[in-house]
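Here is a briefing on one helix pairing and on the aromatic rings. Keep the sequence and the model open while reading.

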Amino acid sequence: MSMFNSFELRAFGTSTSIPLPLLVNVAISVGAYYVGQSLIPRMKTMFLSANLAGVDMNKKSKAKIPEALGVVTGCIFLVSLFLFIPVPFMGSFSKNDLEEFPHDKFVEFIAAMLSICCMILLGFADDVLNLRWRDKLYLPTVASLPLLMVYYTNFNSTTIILPRIVSQFLGMSINIGALYYVYMGMLAVFCTNAINILAGINGLETCQSLVIAGSIVVFNLVEILSGRCREEYEFSLYIMLPYIGSTLALWKYNR
């Protein structure tokens, strides 16, 4: 992925450069937090009027609390990614050479946002329609298909890079074949339902999402500093940081 500038970072005795797109992504993530912080209170009345509300059973007061506000932060998350789309490819745009443009990376980004959009729609439909559990099993799998198809056409690599903590015992990577696609499809089902099953407890599902996202960010940073597969881990950060920014705003009110 073309990067048009970078800054140098020194940590743990090593030196690495911070790409400017990553700094822009951090700025957009901070902006997503403040937009969510401002927008959520304004949307409260709208959700109450639509009867998308519930009662907190752990409080003496039985005032109605708006539900499904995750769709607000979800939209902020998507808009943040939309604004960020041209930034990593700015170097390729400046060259005006379509033949050298990283179309595969661009398609990966678009496919990731398509899957995210599908999952946001599924979450909102669940809040409004109270979907059955079997629907929550196959719908996330279907939502992950665009991402899996793009991965298949671009790479079709079924090799998993192992974390450094186990690579000294099992090697740097392991090839699991077709099970890779089964694993990725099941992972989408597991992650969504593992979080959704805790939705009845105020703030817990949001906090759980933040913990998972934070652990992914830490893992990506560790791997980047080690110098392995830098572009792939940067791509992950481009998506996770705006997610953390927008979700923090929801957690502030939801907790």
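The axes of helix H4 (residues 103–129) and helix H5 (residues 135–154) come within 9 Å and cross at roughly 175°. The two helices are therefore roughly antiparallel (over 145 degrees). This is a predicted model: local features need pLDDT of at least 70, side-chain atom pairs count only at pLDDT 80 or more, and totals for chains, interfaces and linings use all residues. Residues are numbered from 1 along each chain, and side-chain values use heavy atoms, without hydrogens and water.

**Helix contact**
- On the H4 side, the contact (heavy atoms within 4.5 Å) includes Val107, Ala111, Leu114, Cys118 and Leu122.
- H5 contributes residues including Leu139, Pro140, Ala143, Leu147 and Val150.
- By class, the contact of H4 with H5 has 13 nonpolar, 3 polar and 4 charged residues (nonpolar: Ala, Val, Leu, Ile, Met, Phe, Trp, Tyr, Cys and Pro; charged: Asp, Glu, Lys and Arg; polar: the others, Gly among them).

**Aromatic pairs**
- The count comes to 9 aromatic pairs (ring centres within 6.5 Å).
- Tyr33 and Tyr34 have ring centres 5.2 Å apart and planes at 75°, so the pair is edge-to-face (over 60 degrees).
- Tyr34 is exposed (over 50%) at 52%.
- Phe77 and Tyr243 also pair edge-to-face, at 5.5 Å centre to centre and 70° between the planes.
- Phe77 lies in helix H2 (residues 70–84) and Tyr243 in helix H9 (residues 230–254), 166 residues apart.
- Phe77 is buried (under 20%) at 6%, whereas Tyr243 is partly exposed at 23%.
- Ring pairs link Phe84, Phe109, Phe235 and Tyr238 into a cluster.

Note on methods. Axes are lines fitted to C-alpha atoms, for helices over the stretch in contact, and angles run from 0 to 180 degrees between N-to-C directions. Helices (H or I, at least four residues) and strands (E, at least two) are DSSP runs, numbered from the N terminus. Angles under 35 degrees count as roughly parallel, over 145 as roughly antiparallel, 65 to 115 as roughly perpendicular and the rest as oblique. Rings of Phe, Tyr and Trp (its six-membered ring) pair if their centres lie within 6.5 Å; planes under 30 degrees apart count as stacked, over 60 as edge-to-face and the rest as tilted. Buried means under 20% relative accessible area, exposed over 50%, partly exposed in between (1.4 Å probe, protein chains only).
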